[in-house]
Amino acid sequence: MYVPSGEAYTQRPVERPRPVTEAIEETTAPVLSYDNKQSTDQITEDLDTKLTFSPPTTTAAQSVPDVDPMGEWHLKEITWPDPRVGGFRRTVKVLTQNANGPCSLLALANVLILRGSIHISSKTDKISYSALSTLIADFLVTRPQLENSRGLTLEAALNILPTTVQGLNVNIGFDAINSFQSTEGSSDEFALFEMAGVQLVHGWIADTSSEEEWEAMKRAAGEKPTYDAVQEAIIKGMDGDGQAAKDAVVLQHFLQSTGTQLTFPGLFALNALDPGSVVAFFRNSHLSVLYRRPPSTTDDNDTSPTLYQLVTDQSFALEPEITWESIVDIDGSGTSYFNSEFFPASSAGGDYSGMSAGEVVRRDERARRDAERKAREEQGDEYRGSLDDQTDLQLARALQEEEDRLVAESYRDQEHQRQRRENVQLDPAVRARAAPVPEESEGRPSKGKKEREGKKDCLVM
């Protein structure tokens with residue numbers, strides 16, 4: 001090693017930094033030798049005292065997952081025959097819902113999942129809003145953005161995304177299945193769906209063949225009547241007279257007769273969607289996924305339904321057979337459940353398989369009532385059982401007391417009879433009367449008998 005002139009090279013000890021924790025007191029270990037007079041127990045005690053380390057000032061924090069304040073949702077694994085690739089089956093995870101509110105966000109995410117635009121790992125059982133919003137934002141950023149009809153920028157769309165957790169303000173139009181308008185003061189969530197390429201539809205369409213109904217709507221709200229405009233016309237017409245009052249009655253009847261928010265014209269229009277379409281469907285103030293199934297290419301006589309609604313209720317998350325719900329009428333009377341392969345739910349599918357949606361609701365209601373009645377009966381049985389136990393105990397005590405009384409009376413009667421017998425034996429007169437008459441000797445009649453034989457019977461003249 002080269003050393004510069006005039007300087008002697010000396011190796012300096014490396015000074016290591018002291019730890020942040022409490023310094024350990026320098027101690028001298030006791031010498032274990034035969035010359036040391038300390039006992040072994042004393043040495044052990046000294047070692048335990050002098051070599052005690054204080055606990056570290058900081059400990060590693062356990063990794064506790066934070067709960068996303070925006071919410072998290074359970075996932076359900078289904079098999080999806082993707083129509084875009086000829087029905088090739090993919091295993092995907094869809095989001096389920098257990099509370100009102102985020103149906104618009106979940107519908108948007110589930111449509112993107114079924115289309116293959118976003119993907120959730122099969123090892124994930126739940127997903128938070130932060131993770132889900134990241135997936136949707138990445139998709140929007142990488143997707144080629146065409147100019148949308150509402151002029152919404154990508155930055156504005158990302159700012160709108162959090163509002164979908166609280167629901168979607170909808171003002172539907174009664175003229176077409178894709179007629180929607182934003183409500184006053186609401187963010188433009190519809191532009192978010194448009195930027196994601198997700199079509200938003202409904203089935204609440206007025207019957208244009210009914211002149212009275214359609215003309216009343218046009219007088220109330222123009223050529224494109226909306227729900228809010230019809231409501232305002234009803235309120236104004238109820239307070240007025242003339243044609244406005246007549247139109248209010250007609251419009252009120254329309255809203256009441258179409259309470260399921262699905263009409264026959266709307267059902268026909270939904271069936272006219274492109275085969276294989278996966279869209280966001282608004283009905284009953286709820287947004288879900290609607291699938292227009294393509295016709296069968298192998299069976300010309302296939303009569304299976306063509307419209308299916310994705311079941312996202314969390315109560316069906318563990319029901320593999322309950323994946324789709326058919327839409328065949330406007331009141332839900334013919335609704336049935338189907339599995340991922342679009343076969344009717346089999347009896348092996350679980351508690352709800354093979355049942356219509358109405359049957360499931362009625363069954364759950366019956367089960368709830370039966371549980372309440374059973375609970376009341378169990379409480380009544382416990383109460384009656386306690387009363388029965390008390391009654392039995394009281395009866396046993398009463399019987400025992402009665403038996404004791406009878407025994408006591410019997411003992412007293414026997415004692416009285418014994419005393420009477422003793423008194424009778426002590427009385428001489430009674431003893432004389434009670435003495436037995438001696439029997440006469442054989443062959444000699446008694447004196448009294450002879451006297452009776454010598455006497456004649458008395459004659460009454």
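In this predicted model, L200 stands opposite A280 of strand β7. The contact belongs to a pairing in which strand β6 (residues 200-202) and β7 run parallel, joined by 3 bridges. On the antiparallel side, β7 pairs with strand β8 (residues 286-292) over 6 bridges, and there the bridge partner of A280 is V289. The hairpin of β7 and β8 has 2 residues between the strands, and N284 in this hairpin takes a positive phi near 55 degrees.

Strand β7 (residues 278-283) is largely enclosed by the rest of the structure, because 6 of its 6 residues are buried. In a regular strand, side chains alternate between the two faces of the sheet. Both faces of β7 are covered: V278, A280 and F282 are buried on one side, and V279, F281 and R283 are buried on the other.

A further open sheet consists of 3 strands in the order β2-β1-β3, with antiparallel pairing. Strands β2 (88-95) and β3 (126-128) stand at its edges with a single partner strand each, so one side of each has no neighbour in the sheet. Direction ignored, neighbouring strands of this sheet are turned by 40 degrees against each other on average. Strand β1 (residues 72-82) is joined to β2 by 8 bridges, and W80 has R90 in β2 as its bridge partner.

Two helices lie across strands of this sheet, as tabulated below.

| Helix | Strands it lies across | Angle |
|---|---|---|
| α2 (residues 103-115) | β1 and β2 | about 160 degrees to β2 |
| α3 (residues 129-142) | β1, β2 and β3 | about 75 degrees to β3 |

Technical notes: Residues are numbered from 1 along each chain as its sequence is written. This is a predicted model: local features need pLDDT of at least 70, side-chain atom pairs count only at pLDDT 80 or more; totals for chains, interfaces and linings use all residues. Side-chain values use heavy atoms; hydrogens and water are left out. Buried means under 20% relative accessible area, exposed over 50%, partly exposed in between (1.4 Å probe, protein chains only). Helices (H or I, at least four residues) and strands (E, at least two) are DSSP runs, numbered from the N terminus. Two strands pair if DSSP finds at least two bridges between them. Axes are lines fitted to C-alpha atoms, for helices over the stretch in contact, and angles run from 0 to 180 degrees between N-to-C directions. Contact means heavy atoms within 4.5 Å.
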